[in-house]
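Me: I am new to reading structures. Can we go through this one a feature at a time?
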Amino acid sequence: MTPTSHQTDSTSVPLIVDDSRGRSFGGAGGSGAGASGAGPSFNDALLDGLNPPQKEAVEYRGPSLLIVAGAGSGKTSVLTRRIASLIDSREAWPSQILAITFTNKAAAEMRERVGALLGQTAEGMWISTFHSACVRILRREAENFGFTKAFTIYDSHDSRTLIKRIIKELQADTFGFTVSGVAGKISKLKNELADADSYARSANFDDPQERLFVEIFRQYTRSLSAANAFDFDDLIGQTVYLFRAFPHVAATYRRRFRHILVDEYQDTNHAQYSLIRELTLPVEEEPGSDQRTASLPGASLTVVGDSDQSIYAFRGADIRNIVEFERDFSGAKVILLEQNYRSTQNILSAANAVISNNFDRKDKKLWTDVGNGEKIVGFTGYSGHDEAQFVADEVTKLHEQGTPYKDVAVFYRTNAQTRALEEILIRSAVPYRVLGGTRFYERAEIKDVLAYLIAVANPFDAMALRRILNTPKRGIGPATETALGVFAQTNEITYREAMRRAPELGLGPKVTGAIVDLAKMLDEATLLLDPDQPADDGSVGATGSVAEVLTMLLDRSGYVTALRAGRDPQDEARAENVEELVAVTREFQKNNPGGTLVDFLTEVSLVAAADELDDSSGTVSLMTLHTAKGLEYEAVFLTGVEEDLLPHRMAATEPGGPAEERRLFYVGITRARKRLYLSLAMTRAQFGETAVAMPSRYLQEIPAELIDWRQSPGMATSRGGTQPRALNASRPGGGFNSRSAVRASDSLSFRDADAAASRPKAEWPNRVTAQVRDNGNLELQAGDRIRHVDFGEGRVNAVTGEGTKRVAHVQFDSAGAKKLLIKIAPIEKL
DNA sequence: CTCTCAAAAGTCAAT
DNA sequence: CTTTTGAGAG
């Protein structure tokens, strides 16, 4: 493919590139005037209902624009209108627009909204995620540097499998290398655009540890290219490499994309930043070329972001990209959007108060004119289950009051927290959906089936072949698997070819037959997919659809049959998942009539957790705080607001960790439109043990008057026992009613009198972090009688556990048998 | 090569 | 607690 054959559309288009600094954009010649004939009225419509800074963000023209958009400030609206106005005024053709969003779902939504604004489907626009855009570029250009366009995308799990194999081969585990450690380091390096060679140049080879790491990195890179595969980080990094190594390729895309817009800019990493830089470079005049390749200024760049919502530093996001934007792109215009159209003032005040504790940030205050709204509701459960029960009860109540389930979301910091929530929600008959979690495409059975498809699409991918070699069981073991690999390597053929020539290996007749059969099956599938060999231009013909090929593979391999025959009770569910995947391929075919197998695999590889969101599902959405970014809900439950969870134990010690966790909390708060619930638990089960939990330090950063504590941390641990309600007593029927709600100020009376007197807690009733009830070394043994604040008197039957986890098994006179954590339970010895 | 049982690890977030 | 991995027997 010659470089000049690309993008005839972009070079033949009359370009209007504005190089002025001001707001006038008519200077580029006649077309501006031409647009003004039909333009103004339409443009007015585009600005309809926008506030002044939003209008400016839509209208400003210049080389670079930074829109600092606080949460809920209507940035999606601004971005879509900006794109629409560029096209409407004829400043750009749709094909000259490249817009990067955070999820595929956001991209689809943006495309739809731009289409609606323009009254036509804007074809040719690239609106996609970083990864999707790069895959598109890489597939086109792969042949330039030793890959084919059918390359496989390895997800992080695949990468780890590969790394694991390499560590084992090199026996690097004896040097203290772990899979996760190596995977993390390689990913980090790739995000910094380093490769094995560049790393080796600066490595200290006197250190055997480092030498070995270089070797692992080298082998990993080699394995990837041998398999014709990219890992997630490569998708960005290799695109940058491609642009740098092949200037004419880069020039093609620089000519094509005249307007680049990036959403969530605060979460870009160095590789992504470099990609944007590459794309916005001016195109130099090529010496000796004709006039068609005249020099062009760099594309205009618009970035939108909010440094307060940067939550992906752990995967390489560099907040400096946005903080230093003005320095990077000199002459950049900065527009601030501070008016919030999403949440009530109470929610915003809480968010402002929390985030203001992060130093080193530009002060920025969200405001709204919709009024204070409801107070934030706080609740402290005795256990994770108790907390979940509160959530379920409140969701039910909201639903009865007319809030549809789909407008309610429950957030948590770690995926492990879903279990308790799911249990209670099922029991309470609340329809829900977990986003992310154990994702559909990460399930073993789905990966198995996808490996069949990958094996067909990319014959170089040994990993996919190895995966299906003995799935379902064909009597091919690891020894045979390795033998095939060695054979392929020594003869310099693909793994697939090695399988075809299995008879040459002199294995047993049964094994050889099984391998050859499998190879035949894959060859037939390849043929079904593309009857006339892979031609340069897609000589379509009677190409089998993805669904057909998949059905054929499943039939012939007997995968589903084997599952159904399995004894494991979960196998039936697995078989159903496979059926669902078949349905997904049919759906794909319907939505993408010309879609190829490679297109399907790409789509499947790049789904994000938030893409699974189905607005019409009519269910409550459960997700992590990270997944929640960019979404909004009528009512939001933010659960597990505890130390060690939020901030997470691991993050608390990392540099910048607590600040990032605070931003995460801030992101969670600002997702809520009308109602926000903050909940935590006194004890949390993890690793099969029950541990004492403390209220999060961030909780006390919220002004007390904003929170209506149904049960404050102080109350949940109080010893005085005048009346705090039952902690883990079963609640009658539909949960709370208003009479059980206790004002925050009341909670003071439940505290120890001396503590209440010594501190100005009236102002900060949330300041309870250090005051969690502690019974100290209260000694209990079987036979002791105790009194519990809620359950009354009872007799200790047994004491188990040690230290802070000592548990008393108590038979209460009226409340029945209970297990209590001695250290924190509201009990006293009689 | 497959199956069974026991030990060990994992849960911090995700394209 | 659950899920995955490894060793050893059949």
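Reply: Start with the domains. The centres of domain 2 and domain 3, taken over C-alpha atoms, are separated by 38 Å. Keep in mind that this is a predicted model.

Me: Which residues belong to each domain of chain A?

Reply: The domain assignment puts 46–151, 228–284 and 296–339 in domain 1. Domain 2 covers 160–220. Domain 3 takes 376–439 plus 611–715. Domain 4 is 442–533 plus 542–580, and domain 5 is 784–829.

Me: Which residues of α24 and α26 meet?

Reply: From α24 come V546, A547, L550, T551 and L554. From α26 come V578, L581, V582, T585, R586, F588 and Q589. By class, this contact of α24 with α26 holds 8 nonpolar, 3 polar and 1 charged residues.

Me: At what angle do α19 and α26 cross?

Reply: Helix α19 spans residues 444–457. The axes of α19 and α26 cross at roughly 45 degrees and come within 9 Å. That angle makes α19 oblique to α26. The crossing of α19 and α26 is right-handed. On the α19 side, E445, I446, V449 and L450 take part. They meet R574, N577, V578 and L581 of α26. The class count for α19 with α26 is 5 nonpolar, 1 polar and 2 charged.

Me: How far apart are the axes of α26 and α27?

Reply: They are 11 Å apart. Helix α26 is residues 571–591, and helix α27 is residues 597–605. They pack at an angle of about 115 degrees. Is the crossing of α26 and α27 left-handed or right-handed? It is right-handed. L581, V584, T585 and F588 of α26 make the contact with D599, F600 and E603 of α27. That contact of α26 with α27 has 4 nonpolar, 1 polar and 2 charged residues.

Me: Let us turn to the DNA. Which residues surround DNA strand C?

Reply: K164, R419, F687 and G688 surround DNA strand C. Of the atoms of DNA strand C that come within 4 Å of the protein, sugar and phosphate account for 50%. Sort the residues of the surface near DNA strand C by class, and you get 1 nonpolar, 1 polar and 2 charged.

Me: Last topic: the backbone. Where is the cis peptide bond?

Reply: Look at the omega angle. The cis bond joins L646 and P647, with omega at about 5 degrees. P647 sits in the loop between β13 (633–638) and α28 (649–652).

Me: What is the phi of L193?

Reply: Phi of L193 is near 65 degrees. That is a positive value in a residue other than glycine. Find L193 in the loop between α8 (179–191) and α9 (196–202).

Note on methods: Residues numbered from 1 in each chain as written. Chains lettered and ligands numbered in written order. Predicted model: local features only at pLDDT ≥ 70, side-chain atom pairs only at ≥ 80, totals over all residues. Heavy atoms only, no water. Axes fitted to C-alpha atoms, helices over the stretch in contact; angles between N-to-C directions. Helix = DSSP H or I, 4+ residues; strand = E, 2+ residues; numbered from the N terminus. Left-handed = near helix turned anticlockwise from the far one by under 90°. Contact = heavy atoms within 4.5 Å. Nonpolar A, V, L, I, M, F, W, Y, C, P; charged D, E, K, R; others polar. Near = heavy atom within 4 Å. Parallel < 35°, antiparallel > 145°, perpendicular 65-115°, else oblique. Domains from an automatic or database assignment.
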